[in-house]
Amino acid sequence: MCGIVGFWGRQTGKASGKSIQDILSSMTAALIHRGPDSEGFWLDEMTGLALGHRRLSILDLSPAGHQPMISACGQYVLILNGEIYNHPDLRCELTFSGKAPAWKGHADTETLLACFSAWGVERTLQASVGMFALALWDRQNRILTLARDRFGEKPLYYGWQDGTLFFGSELKAIKAHPAFQAKIERDALTLLMRYNCIPAPYSIYQNIHKLMPGHYLSIPFSDGHPVQSSVPRAWWRYNDVVSGGLANPLVCSDDEAISALEDKLSASVRAQMLADVPVGALLSGGIDSSTIVALMQAQSSRPVRTFTIGIHSADNEADYAKAIATHLGTEHTELYVRSEDALAVIPKLPELYCEPFSDSSQIPTFLVCQMAGRQVKVALSGDAGDEVFCGYNRYLSARRVWKTMNYMPAWLRRMAAAALCACAPDTWDKWFSFVRPLLPKDMRLAAPGYKAHKLADVLTLKDDRAFYRYLTSHWQNPQDLVVDAEEPQTLLTDPAAWPKTDRFEHWMMAMDAQTYLTDDILVKVDRAAMANSLETRVPILDHRLIELVWRIPLRQKIRDGRGKWLLRQILYRHLPKDLMERPKMGFGIPLDFWLRGPLRDWCENLLNENRLRQEGYFQPALIRGMWAEHLSGEKNWCYHLWDVLMFQAWLQNE
C-alpha cells in the first residue's frame with residue numbers, strides 16, 4: 001500500500017520560488033502515513049510531468065520494488081497504490097506467451113508494468129485482480145493514464161486549476177502544491193449533508209474530482225501540453241455484472257451453491273494473504289468477518305492474528321469475537337475502549353479524512369486499525385458482506401413495508417405518521433425498554449424511537465425507490481440547509497444509470513454496492529487504516545466472486561426471513577451454529593449522549609450562530625433549532641448534527 005502524487009504545470013514553482021523536486025517532496029510528505037518506508041520521484045524532462053510516490057513495503061521489500069518504476073522496455077513509468085493479488089498468475093501468462101521481461105524482483109508493480117507493455121492499458125486493467133489507484137506515463141506516445149480499481153477501494157483525486165494538473169491519493173497531497181486553490185464546492189456540501197460523505201466524482205473543492213471506480217482517464221499531451229478535454233471511460237461496470245448474472249442464473253442444489261461459493265471465497269482469501277510482512281484480520285464477531293477469519297485459519301499453518309475492540313456493556317460483541325477466536329485457534333488481541341479513548345479520536349478526524357466525512361463509525365474503525373497496525377502491516381476484513389450477500393435489514397423489510405403502505409389510503413398513512421411523531425424518540429425508547437425482553441430476538445430493535453420517527457416520514461413517500469433514497473439519506477432537503485447551493489445529480493437520482501434487476505431487493509443491493517459501499521465504507525476504512533500505516537484488504541470484493549453471487553437466486557440469499565443465508569452456511573462448516581445465532585450488534589458509540597454531554601462545549605463553539613452566519617455555508621436557524629431540540633431530548637438529531645459538525649471541524653482545520 002502506498003501513496004501517489006503527480007502534477008503538470010508550466011508555471012509551477014515560479015511564483016513560489018520552489019523547484020519541482022521541492023514541490024514533489026512536499027506533496028509526498030503529506031502522504032507519509034500511507035507509505036512510511038521510502039519515497040521516490042520522477043520527472044519527464046520533455047513535458048515537465050512530475051510523479052511522486054510514498055511506499056509501504058508489502059511485497060518485495062528490496063529496492064527492486066521501488067517506485068516510480070520504469071518498464072523493462074523503457075516506454076512506461078508507473079506509480080501504484082494498491083495490490084494486484086493475481087500478479088503471480090499474470091507473470092505465468094506473460095512467460096507462457098513469450099512476453100515476460102527479465103524479472104528484477106517479485107513486486108506486483110513490475111508485473112503490472114510488463115502487462116501494460118505487452119497488452120496495453122484496458123486489457124491489463126481487465127486482467128488484474130486487486131485494489132489499486134495508479135498513474136501510468138507512456139513516454140513514447142506521451143499519454144498519462146489514471147486508473148482506479150473496480151470498487152474504488154483505493155482513492156484517486158485529480159483536477160485542473162489555472163492550467164495546472166494535479167492528482168494524488170489524498171487531497172492533502174494536492175493541497176501541498178503551491179498553485180492549489182482551496183475553493184469549497186457548495187454543491188458537494190449538500191451531498192455530505194444527505195449521505196454523510198461526498199460521493200465520486202465530486203469532492204469538497206472546486207475543479208477537483210474523484211476518479212470513479214472501474215474507470216480510467218487517458219490524457220494525451222500535445223506540444224508538451226496535456227489535453228484538458230479528456231474524459232474518464234469505464235473499463236468495468238457493476239451494472240453489467242448484475243444484468244449478466246441475473247440473465248444466466250446458477251441452477252444447482254443448495255449444497256452445490258454453498259461449495260461453489262466457499263471455493264471462490266477461499267481462493268480470494270488465500271490470494272489476499274500473500275505478503276512479505278505480517279498479516280492479520282479485523283474480527284468483529286459478526287457473520288462476515290468471522291467467515292473471513294475461519295477461511296484464513298483453515299488455510300494457515302500458524303494461528304492467524306485477529307483484532308477486536310469492545311465496550312463494557314451487557315450486549316458486547318467483543319465477547320463473541322473472543323469465543324470465535326478461541327474456537328478457531330487464532331492469536332487474538334482485544335481492546336476494551338473507554339469513552340475517553342473514543343472521544344480522543346475526534347480532534348484527529350479532520351486530518352484523517354482530508355475532506356469532510358461524517359459516518360460516526362469512523363471512530364471505532366480508527367481505534368481497531370490503530371491496535372492492529374501496532375502488530376501487523378496487513379489486515380483482512382469482512383467489509384462488503386452486507387451489500388454482496390444481502391445482509392442489511394432494509395433488504396428484508398423494505399418490500400414488505402412498502403407493500404403494506406400501498407394498501408393504506410393516503411389519509412390513513414398521514415394519521416399513522418402523526419401518531420408516531422406524537423411521542424419523542426426518548427419516550428419511545430423508554431416504552432420499548434419495558435417490552436423488549438418479551439420480544440423475539442429479531443424484533444429487539446436498536447434506537448426504536450429514532451426508527452419510529454423515520455417510519456413516520458416514510459409513510460408519505462410516493463414509491464419504493466423514493467423509500468430507498470429516504471432510508472439512505474440524513475438531511476432530506478440539504479439544499480434548504482446549504483446557502484447558495486444545488487444538490488448535484490448522483491446515481492441515486494439518475495434513473496438512466498440504475499441497474500436492471502428482477503427484484504427490489506436486488507436493486508437495493510446493486511445500488512448500495514455502487515454508493516454506500518464505495519463512497520462511505522471503503523473510504524472510512526482506507527483513511528482509518530492508512531492513518532496507522534496499515535493495509536486493509538477485502539476478500540469479498542474479488543470481482544469473480546461477485547460475478548458468481550449475482551448468478552445465485554435470491555432465495556439462496558434470503559431464507560426464513562434472514563439474509564446472508566449462503567454465507568451463514570459456509571460459516572457453519574467451520575463454527576458451531578450456536579456461536580453465531582444472535583442479533584447483529586456491532587460497535588455503537590453513544591453519539592447522542594456525547595453531543596449533550598462531554599462534547600457539548602465543542603459543539604456550541606462549532607454551531608455558534610454568529611460563526612455560522614459569518615462563514616456563510618449554512619442556514620443558522622435550521623441548525624440552531626435542531627440543536628435546541630437535541631439538547632432538550634425532545635428529538636435525537638445526533639446524525640444530522642454530526643454531518644454539520646464534521647464539516648465545521650474540517651473547515652476549522654483548513
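Guide: Helices here (H or I, at least four residues) and strands (E, at least two) are DSSP runs, numbered from the N terminus. Please keep in mind that this is a predicted model, in which local features need pLDDT of at least 70 and side-chain atom pairs count only at pLDDT 80 or more, while totals for chains, interfaces and linings use all residues. Residues are numbered from 1 along each chain as its sequence is written, and side-chain values use heavy atoms, with hydrogens and water left out.

Visitor: At roughly what angle do the axes of α9 and α23 cross?

Guide: They cross at roughly 40°, and the axes of α9 (residues 287-298) and α23 (residues 565-572) come within 10 Å. The axes are lines fitted to C-alpha atoms, for helices over the stretch in contact, with angles running from 0 to 180 degrees between N-to-C directions.

Visitor: And which residues of α9 and α23 meet there?

Guide: From α9 there are Ile287, Asp288, Ser290, Thr291 and Ala294, and they meet Leu567, Arg568, Ile570 and Leu571 of α23.

Visitor: Is Arg568 buried or exposed?

Guide: Arg568 counts as buried at 13% relative accessibility, where buried means under 20% relative accessible area, exposed over 50% and partly exposed in between (1.4 Å probe, protein chains only). Apart from neighbours within four places in sequence, Arg568 is in contact (heavy atoms within 4.5 Å) with Ile287, Arg562 and Gly563.

Visitor: Changing topic, how many salt bridges does the count come to?

Guide: The count comes to 29, taking a salt bridge as a side-chain nitrogen of Lys or Arg within 4 Å of a carboxyl oxygen of Asp or Glu. One of them joins Glu355 and Lys210, whose closest N and O atoms are 2.7 Å apart. That pair links distant parts of the chain, 145 residues apart, with Glu355 in the loop between α12 (349-352) and α13 (362-373) and Lys210 in strand β10 (residues 208-210).

Visitor: Are Glu355 and Lys210 buried or exposed?

Guide: Glu355 is buried at 8% relative accessibility, and Lys210 is buried too, with a relative accessible area of 9%.

Visitor: What about Glu604 and Arg624, how far apart are their closest N and O atoms?

Guide: The closest N and O atoms of that salt bridge are 3.7 Å apart. Glu604 lies in α26 (residues 600-606) and Arg624 in α28 (residues 620-632), so the pair ties together parts that are 20 residues apart in sequence. Glu604 is partly exposed at 26% relative accessibility, and Arg624 is partly exposed at 24%.

Visitor: Which residues do salt bridges with shared partners join into one network?

Guide: That network is made up of Arg34, Lys154, Glu170, Lys172, Asp526 and Arg527. Within it, the side chains of Arg527 and Asp526 meet at 3.0 Å, N to O, and both of these residues are buried.
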